[in-house]
Amino acid sequence: MKITKICCIGAGYVGGPTMAVIAQKCPQIQVTVVDLNEERITAWNDENVDNIPIYEPGLSEIVAEARGRNLFFSTNVEKAIDEAQIIFISVNTPTKTYGKGKGMAADLKYIELCARQIARVAKDNKIVVEKSTLPVRTAEAIKSILDNTGNGVQFQILSNPEFLAEGTAVQDLLNPDRILIGGDSSDEGQKAIQALVAVYSNWVAADKILTTNVWSSELSKLTANAFLAQRISSINAMSELCEKTGADVNEVAKAIGMDSRIGSKFLKASVGFGGSCFQKDILNLVYIAKSYGLNEVADYWEQVIIMNDHQKRRFSNNIVQTLYNTVADKKIAFLGWAFKKDTNDTRESAAIYVADDLINEHAKIAVYDPKVSHKKIIADLNYLETRAASNNATSVSSFDTPYEACQNAHAIAVLTEWDEFINYDWQKIYDSMQKPAFIFDGRNLLNASELKAIGFVYQAIGS
Ligand code: NAD
Ligand code: UDX
């Protein structure tokens with residue numbers, strides 16, 4: 001089957017960048033990204049490409065090149081489904097906040113709505129691609145909905161999980177380590193796999209395109225995220241031991257990372273991992289394991305989350321303790337609110353939880369983040385429902401420059417590893433702060449000896 005029209009349901013952090021790259025690399029294919037969120041679609045269509053809703057290095061250039069040529073953003077979901085031969089489902093799959101599996105299982109209501117809508121609208125055969133991260137065996141549910149509520153047309157379901165990391169999404173999409181496509185072993189299933197392989201072959205080498213059965217593909221995504229997050233919790237666990245023993249976690253990470261069996265990536269100790277994926281996907285994995293009665297498997301992976309929560313709490317406790325056991329009415333400057341550098345995404349950012357702890361201690365938080373708005377910061381805190389929104393509003397302020405955020409502060413907490421933080425005029429910041437001036441570097445980012453020479457009391461993670 002020659003693919004000429006693709007539709008993607010969900011114009012978020014995955015759907016937007018992924019489809020922009022497909023459109024750039026496949027000018028012969030018309031790619032339409034649809035979403036129910038009108039504000040998001042309007043922003044994707046903003047004349048000024050700098051105003052697209054997702055910040056990713058290199059993304060606005062690709063959107064500028066392809067948008068209006070073969071890349072379209074629209075709220076007309078039905079039209080896009082009707083016209084497309086391949087439909088990607090890239091909607092959100094958050095942790096359930098109600099009912100059975102609350103706080104653990106993935107909420108599949110958006111996925112089911114998509115499946116029902118596709119079934120209702122489709123008048124000819126379609127390939128439906130799970131791009132969202134889903135529990136293993138979700139394809140079965142989607143197939144059942146499509147086959148039972150459709151118009152008698154044939155659907156093939158493929159699993160094609162996305163491995164991009166935010167902040168490097170464009171590079172990850174252009175040069176993926178692998179593309180994973182899971183499909184049915186039937187002739188029709190294999191044809192569908194080949195149709196999707198042909199799309200990716202426009203820019204990805206054949207040996208990097210891996211095809212498997214659907215269940216392996218679905219489970220590989222959860223497994224990859226669990227392994228990645230497990231490395232961070234492992235090094236963070238060692239960071240606490242380093243602090244007690246005089247070892248330096250950066251040196252330990254380097255020493256073990258040179259073992260080619262361990263490898264050097266993803267061994268950076270931090271205030272704790274954030275982002276929309278790791279916690280959600282591990283909780284989902286734990287839930288699935290429990291539902292099969294595999295309690296030891298569930299407990300093993302749950303420990304990754306327990307360690308991460310501990311690391312965040314440990315960071316805020318240490319700030320309070322070091323500031324003479326009280327932060328009440330003290331200004332604490334936060335450098336960074338995003339969950340990692342080079343993104344405006346704040347979902348599950350460690351900064352939110354550290355701020356929440358410190359506000360409980362009546363601290364005044366002053367935030368500077370190069371890409372995150374005050375509105376977003378307040379919304380993140382309100383979402384926790386720890387206290388009245390009015391209390392969050394009076395406890396947190398945001399500033400356009402780091403110098404204003406740090407002025408008169410008792411302490412600075414580095415929550416995100418933005419490159420620009422390294423080269424600030426640290427003498428100027430020191431001069432404007434209360435003394436002693438403390439820095440709690442949750443990213444081991446700054447130059448410790450330079451800061452100590454200025455007069456800062458500098459504390460890193462794991463040393
Ligand atoms: P997101 O929240 O940024 O985007 C999802 C979009 O889907 C939203 O804009 C929402 O309005 C839209 N949507 C929901 N239901 C819809 C419907 N019925 N019709 C039309 N639009 C609908 O989420 P995201 O970060 O892009 O993640 C999407 C999926 O990809 C998740 O399953 C996630 O686990 C997975 N994933 C995310 C990342 C990442 O880095 N963010 C990486 C790999 C995989
Ligand atoms: C992750 C996976 O990497 C990606 O493959 C998947 O598709 C989506 O989930 P993402 O969450 O966007 O990507 O970013 P990632 O680079 O994995 O970082 C996640 C969190 O871990 C961030 O808060 C980051 O700061 C933290 N981290 C990462 C560390 O604390 N130490 C490290 O060594 C690496």
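In which loop is proline 436 found? Proline 436 belongs to the loop between helix H17 (426-432) and strand E13 (438-441); helices (H or I, at least four residues) and strands (E, at least two) are DSSP runs, numbered from the N terminus. The structure is a predicted model, in which local features need pLDDT of at least 70 and side-chain atom pairs count only at pLDDT 80 or more, while totals for chains, interfaces and linings use all residues. Residues are numbered from 1 along each chain as its sequence is written, and chains are lettered from A and ligands numbered from 1 in the order in which they are written.

Proline 436 is joined to lysine 435 by a cis peptide bond, with omega at about -5°. Glutamate 348 sits in the loop between strand E9 (331-335) and H13. For background, most residues other than glycine have a negative phi, and most peptide bonds are trans.

Two ligands come next. Ligand 1 is surrounded by 27 residues, the closest being Gly10, Gly12, Val14, Ser132 and Thr133; a residue counts as near a molecule if its C-beta atom, placed from the backbone, lies within 6 Å of it. This shell is made up of 13 nonpolar, ten polar and four charged residues, where Ala, Val, Leu, Ile, Met, Phe, Trp, Tyr, Cys and Pro count as nonpolar, Asp, Glu, Lys and Arg as charged, and the others, Gly among them, as polar. Helix H5 (residues 109-121) gives the most to it, with three residues. Around ligand 2 there are 19 residues, of which Lys268, Ser270, Phe273, Gly275 and Cys277 come nearest. Here the division is eleven nonpolar, four polar and four charged, and helix H9 (residues 214-245) gives the most, with three residues.

The axes of H5 and helix H6 (residues 138-149) come within 8 Å and cross at roughly 30°; axes are lines fitted to C-alpha atoms, for helices over the stretch in contact, and angles run from 0 to 180 degrees between N-to-C directions. H5 is therefore roughly parallel to H6, since angles under 35 degrees count as roughly parallel, over 145 as roughly antiparallel, 65 to 115 as roughly perpendicular and the rest as oblique. Residues in contact (C-beta atoms, placed from the backbone, within 7 Å) include Ile111, Ala115 and Ile118 of H5 and Ile142, Ile145 and Leu146 of H6. The contact of H5 with H6 holds seven nonpolar, two polar and three charged residues.

H9 packs with H12 at an angle of about 45°, their axes 9 Å apart, which means that H9 is oblique to H12. Among the residues that meet are Ala226, Ala229 and Gln230 in H9 and Trp301, Val304 and Met307 in H12. By class, this contact has six nonpolar, five polar and two charged residues.

Helix H12 (residues 295-322) packs with helix H13 (residues 350-360) too, at an angle of about 40° and with axes 9 Å apart, so H12 is oblique to H13. Phe315 and Ile319 of H12 and Tyr353 and Val354 of H13 are among the residues making the contact, which divides into six nonpolar, one polar and three charged.

Notes:
Contact = placed C-beta atoms within 7 Å.
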